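Trainee: I have a new structure to read. Where should I start?
Mentor: Let us take a few features in turn.

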Amino acid sequence: MDLEKLKQNWETFASLVVPPPSFVTELRAGSDTICLERVIIETPAAFLPASPKSWFRRSWLGKHPEVWIALVLLMASHLFVSTFAKFAHWQFGAPYTRTADFCRWDCTWFRTVVDEGYDLEPHRYGDKADWSFFPLFPLWAKTFKLVLGVPAPLALVVASKVALYAAILFFLWMVRGELEDLSEYFLAGGLVAFNPYVLYSHAGYSEPLYFAIAALAFFLVDKNRWIESGIAGALLSATRIVGCLFSISYLIVCLRRVGFGRIVRERNLAIVVGLLLCPLGMALYMLYLYHLTGDAIAFIHIQVAWNRAPGNPFVVIAHALQHHGWPRVWGIMILAGLAAAGWLLKQRRPELAVFLAGAILVPLSADLWGFPRYLWWQPPMLYAIFTLLKRHRTWWIIYVAFAAGMASFMVIEWFSGTNIVV
Amino acid sequence: MRLKTTISVVIALGLSVFYCAILLLALNPRVSEEYRAYYIERISMEWKPVRYAAMLEEGIAFGAPGLPVFVKNLSGFSFREGWGRWTDADHGPTRIVFADSLDGLVCLDLKARPANSMKGKLITVALGDQQKQIILRGSDFSDYFVEFFETRPAETLEFRFPGTVPPENTVDLSNPDSRRLGLAMVYLRLFRGSCAAAPAMRNASKGNTVPN
């Protein structure tokens, strides 16, 4: 067999394997001697469907490893969280005996939306109402309640776990350009599945759904799929208030890739329609709130009940850093998040950088509470971490140690009753 | 191709009009006066507070839940504590709006103490268009009396602090409290007539009276 023939066989084989093995790159780089040795050993397997391994590689799942990797990681994440919850139960009688017990704090607010709909006027705990809990996640959970016929707390927890699967999957799509082999798929997916604040994806919170839709929206806009990206943006803005920031990221991508002049000249209406779709989810929610309460921005006004008033986020950051304990820890996280935004800018990903910076500063304009989960459930944040760790492989172990430690600590704290986990 | 373009134009125009309409709705809420005062303008301190029966002479007990029937709303105060409430400039001007207007000779009896930033400072107390000034010097709670003469019908009592009220933690570095505190108020009573005739005045030090 001559070298040209071997190369052709290699390329056929490589095209069947996703992700392409690293040695194909070596072959393309012209390292013939190394590749020849591998050709002799590996090529026949690629053309022998009798081998289960090769059959799997050629199957649909083999070509889309993110689908099963996300499932494996979801199961591992579920096992991790439930194991530590069980430890907490054994050790200090944490109130955890079944999956629905994870539904605490904000999950109980989502439960009121699922079970009773939105409040007509503030009446909970004196002056509170459930308007600040955006509608897409309760709607998503309501589907599980109706289909599975389970109580709302369990439906919310299951809905957040299913959303975690989508979050891992869409994040892998988002970072696919950076992935070289299966191990990197696992590492990237593991950043989501073993996030330091992964607890919230098992506790009936909207974070994993928000993350999944945001990652999907970034993936679609990266592929110039404007309308689909706009629809994802609309869903994102119906999940959390900061979802609206995607409109800015969308605009940045359009202007960088197509340019304002070309959009006007070519009358590229798909781009305009996609942009206009981005805030649609929030606008529909505003219309609904106006119909229900007479106040279209009741989700902002109700923050008074939590003693939150719009202010300067940089003052909040300064205060956080001045205080000992958790505020300082969160303050350091804020700085790390802003540094990650800077890194993304350096990596020429301004759409991710602006989104991340906005997603950090918008909640901080109210106060510091709940900030860590807002930061750690941002796709650009995990994207920045992945690209950094890919460049500095030896940091993986340090990151994993801290992330896993924090994740297990948070599970235990979740049942302790402290409000640092809110 | 033309059909696709037409559909896109219709969608784009429809969405633009829809967003303009939503913006208009957001700017023009259709809510009760109480809701507007508490949630939007933030000039009221309590949402649907419990009303308790009390006369002007019995006053407002800031440590008690709810408000007396003669008070319409409060603004510029921090949350309720066991002893009373602090004023907090972050919550707007310190203002008490009465349900009915006050006029004639009125004596105000305030039991309070100043925040560190307000010790020895001139604080203006305004009932309607009439203004008086008081100085709170001590660190302990004391009764302070202010007399308003021939007041024209007024529904609003306001406390105005000199300059910008600083956060407490910038004045007292050992105090982590970041609220912009002015006065800690235990109660506020109102007597029709001269302060000299007010029963509370007879038991209190006249040194705290500041007739203008």
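**Reading buried and exposed residues**

Mentor: Val106(B) is buried, at 2% relative accessible area. Buried means under 20% relative accessible area, exposed over 50%, and partly exposed in between, with a 1.4 Å probe and protein chains only. This is a predicted model: local features need pLDDT of at least 70, side-chain atom pairs count only at pLDDT 80 or more, and totals for chains, interfaces and linings use all residues. Residues are numbered from 1 along each chain as its sequence is written, chains are lettered from A and ligands numbered from 1 in the order written, and side-chain values use heavy atoms, without hydrogens and water.

Trainee: Which residues does Val106(B) touch?

Mentor: Contact means heavy atoms within 4.5 Å. Not counting residues up to four places away in sequence, Val106(B) touches Leu127(B), Val146(B), Glu147(B), Phe148(B), Leu190(B), Phe191(B) and Gly193(B).

Trainee: Which residues touch the most other members of the largest nonpolar core?

Mentor: A nonpolar core is a set of buried Ala, Val, Leu, Ile, Met, Phe, Trp, Tyr and Cys residues joined through side-chain atoms within 4.5 Å. The largest has 118 residues; Phe102(A), Trp376(A) and Trp414(A) are among those that touch the most other members. A second, separate core has 35 residues, including Ile96(B) and Leu190(B).

Trainee: Is Trp60(A) buried or exposed?

Mentor: Trp60(A) is exposed, with a relative accessible area of 56%. Trp60(A) lies in helix α5 of chain A. Helices are DSSP runs (H or I, at least four residues), numbered from the N terminus.

How values were computed:
Helices (H or I, at least four residues) and strands (E, at least two) are DSSP runs, numbered from the N terminus.
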